[in-house]
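Hi,

Here is the structure I promised to pass on. Have a look at it first, and my notes follow below.

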Amino acid sequence: MGRFRGGLRCIKYLLLGFNLLFWLAGSAVIAFGLWFRFGGTMKDLSSEDKSPEYFYVGLYVLVGAGALMMTVGFFGCCGAMRESQCVLGSFFTCLLVIFAAEVTTGVFAFIGKDVAIRHVQSMYEEAYGDYLKDRARGNGTLITFHSAFQCCGKESSEQVQPTCPKELPGHKNCIDKIETVISAKLQLIGIVGIGIAGLTIFGMIFSMVLCCAIRNSRDVI
């Protein structure tokens with residue numbers, strides 16, 4: 001009996017440690033998602049009338065999952081400390097939801113990468129064409145693109161040179177640069193999503209093992 005209780009206590013502490021790690025991971029995911037959404041390249045693009053909303057969908061899911069992770073981590077600690085099967089069952093269900101959200105984000109980032117790239121490239125093509133038609137009206141949008149991606153023009157920068165960053169060393173094709181930057185960001189989002197999904201699997205295992213151990217201990221008593 002004492003050995004059984006010792007094993008139960010060990011599982012409980014493992015779950016408590018997992019929940020602390022899970023809470024910290026949730027904080028990191030929120031910070032990561034908000035930094036991607038409102039910092040650097042994406043911050044500049046979001047100020048425009050036409051922003052890459054397709055790209056933002058994965059970030060919104062990621063931030064939402066991060067907030068849920070922080071909440072679930074807290075209740076998971078409460079369930080483990082109180083040895084409550086009801087709370088642990090709810091904890092498992094929430095982890096399952098987070099797992100589905102993170103897998104969706106990861107798959108979305110990898111599979112939808114080409115669509116997101118084409119979407120941002122088409123935004124640039126439209127701004128580029130608007131500038132050539134009316135250099136006063138299209139100026140601000142094109143400057144934003146060139147500043148955000150640190151590029152200038154397409155095959156040549158001669159037609160749009162006034163909108164290019166002054167510190168840019170030489171010509172950089174914006175169509176290629178958009179593909180490189182968006183691809184790298186989406187890959188990072190996908191890796192984070194899949195990584196968090198892998199972490200939730202351990203949480204679901206620990207919660208079910210502890211739940212079963214609590215039930216068995218009460219049956220023994």
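**What I found**

T200 is found in helix α7, where helices (H or I, at least four residues) and strands (E, at least two) are DSSP runs numbered from the N terminus. T200 is buried, as its relative accessible area is 0%; buried means under 20%, exposed over 50%, and partly exposed in between (1.4 Å probe, protein chains only). Setting aside neighbours within four places in sequence, T200 is in contact with F18, F22, L95, I98 and F99, a contact being heavy atoms within 4.5 Å.

Before the rest, a word on the basis: this is a predicted model, so local features need pLDDT of at least 70 and side-chain atom pairs count only at pLDDT 80 or more, while totals for chains, interfaces and linings use all residues. Residues are numbered from 1 along each chain as its sequence is written, and side-chain values use heavy atoms, with hydrogens and water left out.

Now the overall picture. The protein has seven helices and zero strands, so the pattern along the sequence reads α-α-α-α-α-α-α. Of its 221 residues, 44% are buried. Among contacts with a separation of 6 or more, 74% are between residues 24 or more positions apart. The accessible surface comes to about 11200 Å², and 64% of that belongs to carbon and sulfur atoms; areas come from the Shrake-Rupley method with a 1.4 Å probe, and for residues only the protein chains shown count as cover.

C94 and L68 are 26 residues apart in sequence, with 8.1 Å from C-alpha to C-alpha. C94 counts as partly exposed, because its relative accessible area is 28%.

How many salt bridges does the structure hold? There is one, with a salt bridge taken as a side-chain nitrogen of Lys or Arg within 4 Å of a carboxyl oxygen of Asp or Glu. The partners are K154 and E125, at 2.8 Å from N to O. They link distant parts of the chain, 29 residues apart: K154 sits in the loop between α6 (139–149) and α7, and E125 in helix α5 (residues 113–133). K154 is buried, since its relative accessible area is 16%, whereas E125, at 35%, is partly exposed.

There are also two kinds of surface patch to look at. Patches are made of residues with over 30% relative accessible area and no salt bridge; like charges are joined within 9 Å, and nonpolar side chains (Val, Leu, Ile, Met, Phe, Trp, Tyr) within 5 Å.

- Nonpolar: L20, W23, L24, F74 and F75 make a patch of about 530 Å². Helices α1 (2–38) and α3 (53–82) each supply at least two of its residues, and α1 gives the largest share, three residues. F75 is in helix α3 and is partly exposed because its relative accessible area is 45%.
- Negative: D114, E155, D176 and E179 form this patch. Lys and Arg count as positive and Asp and Glu as negative, with His and the chain ends not counted; the place of a charge is NZ of Lys, CZ of Arg, CG of Asp or CD of Glu. E179 lies in helix α7 (residues 174–220) and is partly exposed, with 42% relative accessibility.

Cheers
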